[in-house]
Amino acid sequence: MKDTERFSRRQLLSLGAAAVLSPALRLYPAASVRLAGRGAWLSALCCLPPLMLYAWLYCRFTAARREGEGLGELTLRALGGKLGRAALLLYGLWLLLYAGFVLRAAAERFVVAIFPDSGPGFFVLTLGLAALLASLGSPRALVRTARMLLPVLLGVIVLLLLFSLRQAELTNLLPLTEEDAVPVLLGALPVGQVLLLGLYAPGFLLGGVEQREGELRARWLWLLGLCLLLSALCAAVLGCFGAEITTRLSLPFFTLVRNLVFFRTLERLEAPVVSLWLIPDFLLASLSLFCAQLCLRLLLGAGPAYRGEALTDMRRGRWLIWLGGAAAIAAGLLMAPNARALALWSERIIPIGQTAAAGLIPIIYMVGKSKKRL
Amino acid sequence: MKKIALYSFLFFFLLPLCGCGVSGQHREVEQMQIIQTVGVDYTPGGVRLSLAAAAEADGQETPPPLTGTGRNYTAALDRIRESSVEEELFLGHVQNLLVGQEAAEHGLEDLLGTVCRSADLRLDMPLYIVRGGSAEEMVLGAGSGSRGITEILQATDSRSERRQAAQSETSAALLRSLSRRGGALAKALRYESAAEDGGKTAADAGLAVLADGVLAAWIEPEDAIGVELLRGGTAGRELSVLDLGGLPVTLALQRGESRVLPVWNEDGSLRGLDVLAQVRAAVLETAAESGEDLDHYEDYLTAQLESAVSERIGRILRLERQLKLDFLALDERVSLSSPERWQALDAPLGELLGSLEISITVRGELLHSYDSTMDGRG
């Protein structure tokens, strides 16, 4: 790989962090509160130990990679010919479906929060085309974009959290007793599957990152930071609304923003914030599409590493990127005709798929290890 | 520098996505009527809405309120939109929600659910109940010239904030309290003549107790001190007591706080509640002569203060017992002090109140007097 196509581990972790902010604000507060009630603000912290264990297994696996190898190449090497290709096919198809879901979910947020009289089609198409353009280019551009934009997103979240503190009430968060322990642990499931995505998906781009010491420590810190952020976010939403109202809201975080008044003069800023959240949607859709095309092209035996090809270059299986983009957009347009169907995808189908996709990685590692291929 | 340029570019790129520019959904502010107060009344088989807008500029008359009837909130709003001469009614800045007494007697759950689902209305919008009247007459008639119902309510709210008195409950707080314990308190207003110019105004009418979303009782304005104390604290209120000679004395409450302590039986059941309140007041107005025994006079006034506060707290707690409803959210205070025991209780506090031993202890303190006859004793 050319040095100009390399990027740093920090940039890749930033991409993971920025990407998970999209499903986190869609799914996490409401889904966790439904399971854990007023204790949901602790759920993100409860999923930290199992996720750290997962990160440890993940790092053991990726430590076996050679120069230019990502998770896709490692999978192929660990599982061997047919099994490896089957796993890549599964990952490729899953990530395409997931990219379609991200497009549809982002469109729904626009429809619900800003354009109630419109449909999701236009947003799915526009964001899908932007993600397709990103996947046709260099992965370095994608991770560097994430690195630069993450501080903006985090800054906005922290600012909103600070302003929401005034409205928060302690009685919406406490008291908690031993009886809340099981619900709080159950509430960790939605946040856990969101963070798993941020851990494993960027792994397909690892080919562009140089092997360095401290992989595990970096991922643990990444997890700790995000768990703390998501806990604070949930505490703000819960503290302001209480569990009873949070579960009734489709987009609790954006409803919270709607209620905030800045310096007694500025209010109703939910529209710019919803628009800003297009960035994580774009990064997540692009990441999913990028990883999907990498898996599918690897499956066909084409070297998927980016070599500065033009957008219209169809050699080395690059036609698959266009096909994948079209498939993701089609999936986004067709998968959920209404909000109820989208909720089914969001709360049932996607979490199962996400957990299965993430759970497959330690299995691949163990198979590769047992067959001495790693 | 490059980063700053990128962020700035990105920010301006994202702004039109809010729908304010290129989407075709943009609206000119001159063509919009910005609604600030919404009144909701019951009509047989439906809802009557009254909307009051803000004045367009300083010194200008407030636009005339709009009214419409429909089978529900949305239908009534659609009817108003159809008949409005304004191009667009903008509900994103609604500040107050007024509900007529009859509508409150028929229940607020549907209305609060609509507020919760609405893409326009804010959940932190205060909700008031119009005591003995309709929201429509208050929205249409209160105020004069450039001061409409919105300005009157804003002034009332600012006054409460300055005096650190309890402010009106928001729609979110009401909905939460109703979902959590079946009861809630909303501020009540009465449509009456203003003293200064003979116009009509929205005067404090105490509090409305809601049980399962339905109006269940009223609490008089003078008992609001009891409510505020039982909910944690109060300040900036005035209280009238009688002195040794039977003359009226006005006390200004400077600070009041309370603790609600649960008393548990050995088997873990709740035996009672100890309400401990502490109030500090200043003498605002008295007819006492300077030659009187001031220490004795002050002791007497302190006892009167304690008795008056205790009486008000007692009245509120009796109402809770009578309605079997914890509209004061005492459960929150008790649960924070003993979470484990609280969790083990088999019934909500409202249902237990009738069988609980409740003791009220009030400690009063007179801080100083604004009256020279008392402070001038040397």
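In which hand, left or right, does α12(A) pass α13(A)? The crossing is right-handed, and the legends below place it among other close-ups of this predicted model.

**Figure 1. Helices α12(A) and α13(A) in contact.** Two packed helices are described by the angle between their axes and the distance between the axes. Here α12(A) and helix α13 (residues 319-334) of chain A pack at about 130 degrees, and their axes are 9 Å apart. That angle makes α12(A) oblique to α13(A). On the α12(A) side the contact is made by Leu289(A), Ala292(A), Gln293(A), Leu296(A) and Arg297(A). They meet Leu320(A), Ile321(A), Gly324(A), Gly325(A) and Ala328(A) of α13(A). By class, the residues of this contact are 6 nonpolar, 3 polar and 1 charged.

**Figure 2. Helices α4(A) and α12(A) packed at an angle.** Helix α12 (residues 278-299) of chain A also packs with helix α4 (residues 71-79) of chain A. The angle is about 40 degrees and the axes are 9 Å apart. The two helices are therefore oblique to each other, and their crossing is right-handed. Gly72(A), Glu73(A) and Leu76(A) of α4(A) form one side of the contact, and Leu294(A), Cys295(A) and Leu298(A) of α12(A) form the other. The contact of α4(A) with α12(A) has 4 nonpolar, 1 polar and 1 charged residues.

**Figure 3. A left-handed crossing of α1(A) and α7(A).** The axes of helix α1 (residues 9-36) of chain A and α7(A) come within 8 Å and cross at roughly 60 degrees. These two helices are therefore oblique to each other. Among the residues that α1(A) brings to the contact are Leu12(A), Leu15(A), Ala18(A) and Leu21(A). Those from α7(A) include Leu142(A), Ala146(A), Leu149(A), Leu150(A) and Leu153(A). The contact of α1(A) with α7(A) divides into 11 nonpolar, 2 polar and 3 charged residues.

**Figure 4. The contact between chain A and chain B.** Chain A gives 25 residues to this contact and chain B gives 26 residues. On the chain A side, α7 (139-164), α9 (215-246), α10 (252-259) and α11 (270-276) each supply at least two residues. The residues of chain A that touch chain B divide into 13 nonpolar, 7 polar and 5 charged.

**Figure 5. A cis peptide bond in chain A.** Most peptide bonds are trans. The bond joining Leu174(A) and Pro175(A) is cis, with omega about 0 degrees. Pro175(A) sits in the loop between α7 and α8 (181-200) of chain A.

**Figure 6. Two domains of chain B and their contact.** Chain B has 13 helices and 14 strands, and 39% of its 378 residues count as buried. Its domain assignment gives domain 1 (29-219) and domain 2 (221-378). The contact between them takes 19 residues from domain 1 and 19 residues from domain 2. On the domain 1 side, two or more residues come from each of α7 (171-181), β7 (183-193), β8 (200-211) and β9 (214-219) of chain B. The largest share, 6 residues, comes from β8(B). The domain 1 side divides into 11 nonpolar, 5 polar and 3 charged residues.

**Figure 7. Met125(B) in a loop of chain B.** Met125(B) is found between α4 (109-117) and β6 (127-130) of chain B. This residue is buried, because 20 other C-beta atoms lie within 10 Å. Leaving aside residues up to four places away in sequence, Met125(B) touches Val94(B), Gln95(B), Asn96(B), Leu97(B), Thr170(B) and Ser171(B). Met125(B) and Glu357(B) are 232 residues apart in sequence, and their C-alpha atoms are 37 Å apart in space.

**Figure 8. Positive phi at Asp212(B) and Lys324(B).** Most residues other than glycine have a negative phi. Asp212(B) is not a glycine, yet its phi is positive, at about 50 degrees. It lies in the loop between β8 and β9 of chain B. Asp212(B) counts as partly exposed because it has 13 C-beta neighbours inside 10 Å. Lys324(B), also a residue other than glycine, has a positive phi near 50 degrees. Lys324(B) is in the loop between α9 (294-323) and α10 (330-337) of chain B. With 16 C-beta neighbours inside 10 Å, Lys324(B) counts as partly exposed.

Notes
Residues are numbered from 1 along each chain as its sequence is written. Chains are lettered from A and ligands numbered from 1 in the order in which they are written. This is a predicted model: local features need pLDDT of at least 70, side-chain atom pairs count only at pLDDT 80 or more; totals for chains, interfaces and linings use all residues. Two residues are in contact if their C-beta atoms, placed from the backbone, lie within 7 Å. Helices (H or I, at least four residues) and strands (E, at least two) are DSSP runs, numbered from the N terminus. Ala, Val, Leu, Ile, Met, Phe, Trp, Tyr, Cys and Pro count as nonpolar, Asp, Glu, Lys and Arg as charged, and the others, Gly among them, as polar. Axes are lines fitted to C-alpha atoms, for helices over the stretch in contact, and angles run from 0 to 180 degrees between N-to-C directions. Angles under 35 degrees count as roughly parallel, over 145 as roughly antiparallel, 65 to 115 as roughly perpendicular and the rest as oblique. A crossing is left-handed if the near helix is turned anticlockwise from the far one by less than a right angle, and right-handed if clockwise. A residue is buried if 20 or more other C-beta atoms lie within 10 Å of its own, exposed if 12 or fewer, and partly exposed in between; C-beta atoms are placed from the backbone. Domain bounds come from an automatic or database domain assignment.
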